[in-house]
Amino acid sequence: MADTYTLYSMQNSGNCYKPRLLMRQLGIPFRNVETDTRKGATHTAEFIALNPNARVPLLIFPDGRKLSESNAMLLYLAEGTKYLPTDRYERALVNQWLFFEQYDHEPQVAVARSWLHVFPDRKARVTPEQIAGWQDKGNKALAVMEKRLAANEWLVGSAYSVADIALYAYTHVAGEGGFDLARYPGISAWIKRVAAQPGYVGLFWQPS
Ligand SMILES: N[C@@H](CCC(=O)N[C@@H](CS)C(=O)NCC(=O)O)C(=O)O
């Protein structure tokens, strides 16, 4: 039995940043195992034995239990803390934003960033139509966020929650996917508010 959590994660990944940021804000110690998907590190037999879905992040509990899916980690780790509302409806709204993030936002905003920025060697294989498709749908997702954040400080209720962490992860680096955040003043102000939260650390932070 280990004495801390182990997180398999990749520094440049927003999905991996979500649990890193939350664990840092909750003061939960963990060991970070850098797992570079650009080098195929999630496709080794050893890694697939841990996560058959061959993706990071992957969280290993001190007692050996495993959890994949970044937003599942946020919900698990935030249970009983100020980062997850206790009110039933507000919790449902947190889930609403987490599902939105995985279905409408991440597949456009993160994928555009991945092809244009994280894997620059792949850039030559991307067609202008693909880029336009990601940007059109990604801007629609950003517009949904803007509608909420133009009039509210946080995505759910009146407090910073795991909904903000989940959406912040790829929104704050959306410029690297060719998105113009200047078009979204509500989102731009929210990005500054998230970065001012206690215990905040940036995308590339990992425990020493
Ligand atoms: N829905 C998953 C997505 C995880 C994901 O796509 N991870 C990427 C890095 S951001 C990955 O491991 N890719 C491995 C590969 O494509 O080979 C989550 O939120 O955790």
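Select Glu69 to begin, which in this predicted model sits in the loop between strand 4 (66-68) and helix 3, where helices (H or I, at least four residues) and strands (E, at least two) are DSSP runs numbered from the N terminus. Although Glu69 is not a glycine, its phi is positive, about 75°, and its relative accessible area of 42% makes it partly exposed (buried means under 20%, exposed over 50%, partly exposed in between, with a 1.4 Å probe and protein chains only).

Residues are numbered from 1 along each chain as its sequence is written. Local features need pLDDT of at least 70, side-chain atom pairs count only at pLDDT 80 or more, totals for chains, interfaces and linings use all residues, and side-chain values use heavy atoms, with hydrogens and water left out.

Now select Met145, which with Ile187 and Trp190 has the most contacts inside the largest nonpolar core, a set of 52 residues (buried Ala, Val, Leu, Ile, Met, Phe, Trp, Tyr and Cys residues joined through side-chain atoms within 4.5 Å). Apart from this core lies another, of nine residues, including Tyr8, Met10, Val118 and Phe119.
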